[in-house]
Amino acid sequence: MTYENLDAKLINALLGDGRASLRSLAEELDVSVTTVSNHLRDLEDEGVIEGYTPRVNYDALGYDVTAVIQLKVEGSALGDVTERLQQEKQMISVYEVTGDYDIIAIGKFRDTDGMNTQIKKLLTDVDIRESNTSVVLNAVTENEQFELDIDA
């Protein structure tokens, strides 16, 4: 039984199967169920593990148009605009960024009409000065997480 890198090993095991039972995790990691439970609780309390959620294939549900929307906003309104974007259900990611634009938002839409409606709504926002939208042609990789390095 070794506890070296146990948290990283536990995270990697959950990345492989987020629905794994405490017992199966304990067996895989060669520790007790209590140890796994305690470490898992600590990782949750520390905010390292933020929750457990299904990975949804939006394409399979008909949301096969992905748009990358870049926005320039009035400087003092950055927080307000990002907050409003977070409230839009189809915006799956919102980033404050450096560079030519202030915000990058990623949206999923059923069709280009839905995307067009969302973009037009954004353009009526008085705090948004400029936008640039790109439609994703092919998602080579999306919503991927990566295993942690384990020094052994």
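These legends describe close-up views of a predicted model.

View A. Asp-7, Asp-42, Glu-44, Asp-45 and Glu-46 together form a negative surface patch. The element that gives the most to this patch is helix 3, residues 33-45, with three residues. Glu-46 sits in the loop between helix 3 and strand 1 (65-73). Its relative accessibility is 57%, so Glu-46 counts as exposed.

**View B. Buried residues of helix 1.** Helix 1 spans residues 6-16, and its buried residues are Leu-6, Ala-8, Leu-10, Ile-11, Asn-12, Ala-13 and Leu-14. Among the elements that cover these buried residues are helix 2 (22-29) and helix 3.

**View C. Asp-30 in the loop between helix 2 and helix 3.** Asp-30 belongs to the loop that lies between helix 2 and helix 3. Although Asp-30 is not a glycine, it has a positive phi of about 60°. Most residues other than glycine have a negative phi. Asp-30 is exposed because its relative accessible area is 53%, over the 50% cut-off.

**View D. Asn-143 after strand 4.** Asn-143 is placed in the segment after strand 4. Its phi is near 55°, again a positive value in a residue other than glycine. With 48% relative accessibility, Asn-143 counts as partly exposed.

**View E. Val-126 in the loop between helix 5 and strand 4.** The loop that holds Val-126 runs between helix 5 (112-123) and strand 4 (128-135). Val-126 has 72% relative accessibility and therefore counts as exposed. Gln-86 is 40 residues from Val-126 along the chain, and the C-alpha atoms of the two residues are separated by 17 Å.

Technical notes
Residues numbered from 1 in each chain as written. Predicted model: local features only at pLDDT ≥ 70, side-chain atom pairs only at ≥ 80, totals over all residues. Heavy atoms only, no water. Patch = residues over 30% accessible without salt bridge, like charges linked within 9 Å, V, L, I, M, F, W, Y side chains within 5 Å. Areas by Shrake-Rupley, 256 points an atom, 1.4 Å probe, with all protein chains shown as cover. Salt bridge = Lys/Arg side-chain N within 4 Å of Asp/Glu carboxyl O. Lys, Arg positive; Asp, Glu negative; His and termini not counted. Charge placed at Lys NZ, Arg CZ, Asp CG, Glu CD. Helix = DSSP H or I, 4+ residues; strand = E, 2+ residues; numbered from the N terminus. Buried < 20%, exposed > 50% of the residue type's maximum accessible area, 1.4 Å probe, protein only. Contact = heavy atoms within 4.5 Å.
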